[in-house]
Every structure is written in C-alpha cells, then in structure tokens.
Amino acid sequence: MSVTLLVRLLGEVVADADGRPIDLGAARQRCVLTALAIDTGRVVPLDRLVERVWGPTAAPRARATLHGYISRLRRALAGTTDVAILRRSGGYLLLPATTEPVTDLHRFRELRTRARITNDESQVVQLLATALSWWRGDALTGLDSTWIDAERLQLHGERLAAQHDLVDARLRLRHGPDLVAELSARSVEQPFDERVAGQYLKALHQAGRTGDALEHYRRFRKRLVEDLGAEPGTALQAVHQSILTTDPVALRASPDPVRVAAPPRQLPAPPSPFVGRSDELDRLDALASRSPTTVAISAMSGAGGIGKTWLALHWADRHADRFPDGQLFVDLRGFSPENAPMAPAVAMRGLLSALGVAPEGIPVDTHAQSALFRSLLVGKRVLLILDNAADTAQVSGMLPGSSSCMVLVTSRNRLAGLITGHGAQHLPLDVLPGSDARALLADRLGSDRVTAEPVAVDELVELCGGFPLALSIVAGRARTRPDLSLAALAAELRNLGLEALDDGEPDASLSAVLSWSYRALTADQAGTFEALGLAPGPDLGLAAAASLLGCSPAEAGKRLRELERASLVHQEPHGRWRMHDLIRRYAAGVGHLLPPAGRNTILRRVLDFYLHTANAADNRLYPLSASPELDPPSPGVQQHPLEDIPAALAWFTAEHANLMAAQQLALENGWHPAVWQFTWVLNTFQSRRGHRHDQLRACQAGVAAAERLSAPVRQVLAHRLLGRAYVELDCRDEATAHLHQALELARRHGTRVVEAHTHRTLASAWERWDDHERALDHATKALEIHRVLDDPLGEATALNAVGWCADQLGDHDAARAHCSSALELFRRHNDLNGEAATLDSLGSIDHHSGRHRQAVENYRQSLALYRRLEDINEAARTLTNLGHPHASLGQDDLARAAWQEAQELFRQQGRTEDASRTEHLQQALGQPTAKAPELVPVPPG
C-alpha cells in the first residue's frame, strides 16, 4: 500500500499512513516541516522559511541550523512517505509523489472548494461536514513562532467560515430545529456577528419559536446600537422582516444573513503579463502571514508609473483565496489631473454599500461610519486595496480592526503617519532591474521579436530606465506598429525623450502621469523640483543641493525630504540624493521654463560650488601646484571644507561625474573661463586615479574654451594638458601635435615656465615611445629654462627627467647624480610628489646597475609616498618596477605579489594593456629562457 504523509496541521502528530509516529525531534524541526507543508508543491524561499521558524529577527546562524533541520527531516521521511523535501533555486519545497492532498489542510480546502461549486444542497452539507471532520482541536498545537501564530489565526478563520457555510446549507434544507442549541452557544461566543444572529433567527423560526426569534433580534439590535452606534445591516433586517411577514421563501433563499448578495469582488483585472517584483511579493506574503493580533497594512509608495497598483492587483489576484469574504477596491484619486482627492466620507459610503448596507442604513457621522465598517468586518477575511491615496488622513478611517483582514495602500507620497501611527509596513517601489525589464518586453512583444534585435532591446531598457509605465508604453507602441523595428523605436525615444512616451491618453503618457505629481506640489516644493532638474550630473550631495537652492544645508535637507515623500527623489544609502532619469528629464523640462535670469542664477550657484570646492580639493592633493584665478563665488554658495588628502579624494570620487557634467554645462552656456578652470582643477585627481578618457574629454573642452579667450597662457596650458592626456592614451600623432602647438605658443608669447613644462611633457612622451635621445634633449632644455628662471621645484623635476633618460641610455652614474640632486631639492621644499617620482627613478637606476637590494628599498619608499598621496596611477607603475629587482634577487613570491597588486590597480583604471603585461610578467616568472617585457614608468610631465 502506498504510504502517504499525514502532517497533523490540526494537531502535533506526524505519522505515516499506518499511524506510526515519525520522530521529528525539536519543536522547531516540526515547525520547519509545517512551514513547508503549508505550501506543499511550491518553493518556499530560504529567507521566508527562516522567518517562519525563527521570526523576523532571526539570529545569523539560523540559516545553518535550518539546513541541519532539513537534512534530519529528509532522513526521517526517506522511504516511509510519498513526499520528499527538495532543494530548488532560492529555497526548498515539499513535493508529493501524487496529485492527492498530503495534508489535512489541503484536504479541508479541497473539499470546501468543491462545496462552493456544487448545486446539490445535500452534497454541499456532506462535503462541508467531511471537510470539518479533518479538524481535531486547535490548529498547529505544540508549535510556536510568530508565523505559526498568524497561520493558526488564519486557519481558525477558515474553519469558522466553513462552519457558517455548513449552517447556511442545513438551514436551506430546513434543519433549523437541529441547529438551535449549536447556534445559541455560538451567538453567545460571537455577540456582534450578524451572520450568526441571522442564522439563529432562522433556526428558531423553523423550530416554531418565532417569538423567541423576534425577541433575540430585539436584544441584538439594542446591543448593536448601544455598543457600536449602528443599526443591523440590510441582510439581517431582511431576515427579521421575513419572519414578521412569515415569508418562508425569503427565509429559505437568503444564502447569507449578513449580505443580500455574494461577497464583494471589486478588484480590477490584474496586469497581464506581470514580471519581476519577487522581493516585494515575498514581503507582502510575509506580511499576510505575520499579523496575528493586528490588521496587516502595507503602505506601498513610489513615483507615478512605477507600478504600485499593478503590484497590488497582481498580489491580490494570486491570493484571492485567502480572502473568501471579499476584496474591496477604492481609487482615492489622490493625484487625479481633473478632480480633487476623494473625500473619505464618499469612499466609506462606497465600502459600506459594497458590504450590503442600504443607503438609509449608513450613518451620517463619519466616526459612526468607520465604527460600522469595522463591525461588519469582525471575523471576516477581507482584502482592502486603497489605491492612489493622497495622505494618511484620507485612509485612516477606512482601516478595519479585524486581524483577519489585510489592507494595501498605494501612494506617490511616503505615508509616514500610516507607518508610525498604524504600524503599516513601508514597501517602497523602485525601477525594475534590467533582467525584469527585458522580460517585460519579451512578454509583451514575443520572444522572437526581442531576440531578433538584442542591441535595440538593450537600448530601450536603458532609455526607459526600468520604469514599468515607460516600458509598457514602448511595448504598446511596438505592438501597434509591427512594421516599425525596435531599433527605430529606440532612436525615436533617444531623440524625442519623454515626448516619445506620450500616447495622447493621460493614463498612458508618462509625462502626464508625472505632471500630476508636479501639480500636487506646493509652490516651494515645485521650485525645489525645478531647480533639481537643472542640476548637472546624476546625483547631488547635500552641500551641492544647498548651493543649488541658495539655502543652508539643513533647509536643503528638509526640502529634499519633502520631495522624497512625494517619491520624486530618493536618498541613497550613502546619503546622496538622486532622481530617476525619466523624472529628471521631466524636471529639466519644467526647470528650463523658468525665466532665463532665474535659471542662470541657479546654475551659476551650483557651478561655483563645484568649481571652488574642486579647487580647494586640488590644493589638498597638490599644494605646490599653481591654482587658477577664480572669481568670488555667487551669493548663496555653501563652502564645503576638506581637511586633508583622504577627504579631498573622497569628495572628488563622489563628485567626479557631476564635475564633468558641470564643465559640459558651462561649455554649453558659453561660460568659457569656468570651462578652462574645471580642466585645471580636475587634472591632478584624474591623473592619480587613472581616469584617462575623462581627462581627455575635460582637456578637449579646456582647449575649446581657451581658444575663445584672449589669454595666451591659458591656450598654452590647455594644449599642453591635452597633449599629455593623449600621451596617457598612447595617441602619438595627436599628442605631439598639441604639445608642439603648446611649445610654439609658449615661445611666441614668452611664457618660459610653460615652455619648460611642455618640454618635460615631451620628454615623458618620447620615453614612453622608446626614443631616449629625443627625450633627453627635451628634458635638458627644460632643465636649462628652469635654472634661468631660478625655479627650484621646476629644476628638480627636470633633473629627475634628465636622470631618468640617462639611465635608459645606460649612463647610470650620470643618472644617479641628477636624480640625487633632484631628491635633495624635492625634500628641501617638501614636494612629496616629486620625491616619490625621483625615488622611483633611483630604484630603476639601482636595478639596472645591479644594486637590486637598494633598488627594492627605493621603490618601497616611492610606493609608500604614492600610497600616502593615494595616487593609484603612479603606484601601479612603481609596483610593476618593484617586481623586477625582487625577481633578480630570486624573491619570486614578492615579485609575484607586487605584479598581482599592480595588475589589479591597472584593471581598476581600465588599462587593459598594462594589466596584460603584468600578467605576462607573472607567467614568465621563474622561466629564465623567457624574455618578459619590462613595463617602464613615464616621468611626470
């Protein structure tokens, strides 16, 4: 005989089909099996399983303990049952060998479902009686957890509803006399339950005790009015009236004494198809299973078009069977383009009407309405979706008090009052990840069409930024235009922006949806939103936001939080503020409608903040470098102090993308001095961090701006910096063209110091390209000019360059003499950058002349300084050089460690060729016949 698992969800016995107990050990182990059995045939995610057993504050080792329990359960069930516990992606499932129900709970639910669809009353009674026979005492006895308590409460509600259904069926078969005693006891246990009261009235009347029935109604009505301030509902009044008129048809036909119709099923059609949101769905599942004492409320917030209503309806459709007593839905029109938000009294009247209350039975007073609403839901399992709420006040009166109910509230505002005052779980919605966005397009357009144009699909996903409404509009456009390629649609979206997402219908236009949120803002909030749309770059720090808005950081934080509550901006974990790209585009559109003078004032404030702070940060990184002459910052610009090199580097790292955007904004507005100044203040950071391509773009903008300024020195500097950027990218023709142009301009305008700097850059360039004689010529010319100008730091830099070139040409004594003199000058003037570069040169000289231990020492000193300066660009080169003397000394492990670290730093900077060279060095280590290429650093330009 096939053995079937009998998990006693209505008790604590776990046995095989022959009744033999299966030892499951600890109560938590039984709880694990129950948590899987409740969802038999469905994967229970690991996190949800841990939470079911240990609660939301599970200890860190709970996962490991859970795996141990699963192993013991598998051994206990192996060979004795027709079920198995299987591991699936993300969790576990209990899988039966047959399609027959394997738990008491599933048998109970299956029988109850069959009873609902059966027209034969006698068969209904038999099915429900059999279903209830599976109950043996209270559910889940002997088990204890927060989830078990919630599940036990839910099961109790299902049992009670089945009992009511059985009584109704028996009353329709005129079994009233047999039910009087049972219903008398039940009416005492549930004194405010109108369904029980109606059943008791019918039973008494069918038993010939009409007077007792009328007296019970009188007492019940008196208690309801005195305690709840409400009249009995329409259905109970109808039963009472039928008794008065002795209408046996009405008494027999009414299927539910609380309602005159079936339980309300008001949910709109769920979105189809629906993809993604697995984490959010899991959180809603957990919430529905975790509230044993209070009503479960979820406050779902997010921007317009982010998919809040879709998520609520999809979850509700998946779990409709959890709420057999009804699903209610109200669109509160909190952000309607045409009407004011729905008044709470209007919404409440609709809810009461849906629950069967006649218009004349609805109290006038709103508090009485709420009391009646809560009383009607006592003991009921009802889902209430309050969609598009404006604020907490609009929904607070519509919250049921029954712990068997669940409420989903969606809003573009973060409903803090609902979260703090009513214990709602906050469920913020963000954009869909790329994989889910692609799945949405594939579901809407068909996998063949999406697979045929993968590049176009990637671009559409990127342009829509994971915004569900935007993706749906794009998919709708593609479906109505099957002749239009996805590439053409992507080009349209790329060129037109938000206009391409306007379908002419307000509900299907992202611009229209966002405009409703914008119009709901106060004047001050709208001004903040408009200013944020003008800000350059992808995000904002608080100091930058304060300068943008022309206020204090505290006031800026307050304004940003107001927009965050409206789901128009969000604060990231590290404290910075960001808008979704499509919301930013809309904000930029309304921001550019500001008067030009006001718009320029906002822009100049934020540009001045970035420029002045970047200059201060650059001075921290290289205090001996010359600074550009800046005009005083605009009124309202907030100073942002940077105390040391780590603070300066951290600020540059966080703001780099914004600084690049600020320079581009200055270029677009024709503010050429600022463009050039951004080039200068960014250069040191970009060099140290290896941002070579960004450095090239910044220098190209600097040259374009300098050519429009009547300042020859700036033109020379701009071409020199651009030439150096091309050197870093190994673009020889472009580099030499700009460097020679800088040299010619310097000679023509008599700017000798810039002429010397350009010679040094040319020296480093020719060293990179292995023309050591030409490099030495430029380095020598630079040295001569610096000595004439009595520029000790310039002289030290040129001495190091000459020494380096001499070393490469094999003249190690001359090389050491020049570099030793350079090191003395750098140390005398406390120039750490120059000292580090010169120690690197001395390391190379010692290595090439056979003094490998001294080479290691010099390289290590150089590396320590570069690390102190947090210059990963030069540190990577010095690490590469350090590996060579280690290898020459037979210290292969130390050589390999240096090259591995250098390889990682090169990869961080996107320098793939340099990374591959260091990898080749590691592979050639210990192979004397292999000639490994040495990666030589370039002297500073």
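Helix H30 meets helix H31 through His672, Val675, Trp676, Thr679, Leu682, Asn683, Gln686 and Ser687 on the H30 side. The H31 side supplies Asp694, Gln695, Ala698, Cys699, Ala701, Gly702 and Ala705. The residues of this contact divide into 7 nonpolar, 7 polar and 1 charged. The model is predicted. Its protein chain holds 42 helices and 13 strands.

**The H30–H31 pair**
- H30 spans residues 672-689 and H31 spans residues 692-706.
- Two packed helices are described by the angle between their axes and the distance between the axes.
- Here the axes come within 8 Å and cross at roughly 155°.
- Angles over 145 degrees count as roughly antiparallel, and H30 and H31 are therefore roughly antiparallel to each other.
- H30 passes H31 in a left-handed crossing.

- Of the 941 residues in the protein chain, 55% are buried.
- Take the contacts between residues at least 6 apart in sequence: 66% of them join residues at least 24 apart.

- Strand E8 covers residues 383-387.
- 5 of its 5 residues are buried, so E8 is largely enclosed by the rest of the structure.
- In a regular strand the side chains alternate between the two faces of the sheet.
- In E8, Leu383, Ile385 and Asp387 point one way. Leu384 and Leu386 point the other way.
- Asp387 is buried along with the Leu and Ile residues of E8.
- Strand E7 (residues 327-331) pairs with E8 in the parallel sense over 5 bridges. Gln327 stands opposite Leu383 in E8.
- Strand E9 (residues 406-411) also runs parallel to E8, joined to it by 4 bridges. Ile385 stands opposite Leu408 in E9.

**The E3-E5-E4 sheet**
- 3 strands form an open sheet in the order E3-E5-E4, with antiparallel pairing.
- Strand E3 (44-45) and strand E4 (83-88) are the edge strands, each pairing on one side only.
- E4 pairs with strand E5 (residues 91-96) over 6 bridges in the antiparallel sense. Leu86 stands opposite Leu93 in E5.
- Helix H3 (residues 62-77) packs on the sheet and touches E4 and E5. The direction of H3 makes about 150° with that of E4.

**Arg584, a buried arginine**
- Arg584 lies in helix H27 (residues 581-591).
- The cut-off for buried is under 20% relative accessible area. Arg584 counts as buried because its relative accessibility is 15%.
- Beyond its neighbours within four places in sequence, Arg584 is in contact with Leu532, Gly533, Ala535, Gly537, Pro538, Asp539 and Met579.
- Arg584 and Leu534 are 50 residues apart in sequence. Their C-alpha atoms are 8.7 Å apart in space.

- Arg277 is not a glycine, yet has a positive phi of about 60°.
- Arg277 is found in the loop between helix H11 (248-253) and helix H12 (278-288). Arg277 is buried, with a relative accessible area of 6%.
- Asp790 is another residue other than glycine with a positive phi, near 55°.
- Asp790 lies in the loop between helix H35 (772-788) and helix H36 (792-808). Asp790 is exposed, with a relative accessible area of 66%.

Conventions. Residues numbered from 1 in each chain as written. Predicted model: local features only at pLDDT ≥ 70, side-chain atom pairs only at ≥ 80, totals over all residues. Heavy atoms only, no water. Axes fitted to C-alpha atoms, helices over the stretch in contact; angles between N-to-C directions. Helix = DSSP H or I, 4+ residues; strand = E, 2+ residues; numbered from the N terminus. Parallel < 35°, antiparallel > 145°, perpendicular 65-115°, else oblique. Left-handed = near helix turned anticlockwise from the far one by under 90°. Contact = heavy atoms within 4.5 Å. Nonpolar A, V, L, I, M, F, W, Y, C, P; charged D, E, K, R; others polar. Pairing = 2+ DSSP bridges. Buried < 20%, exposed > 50% of the residue type's maximum accessible area, 1.4 Å probe, protein only.
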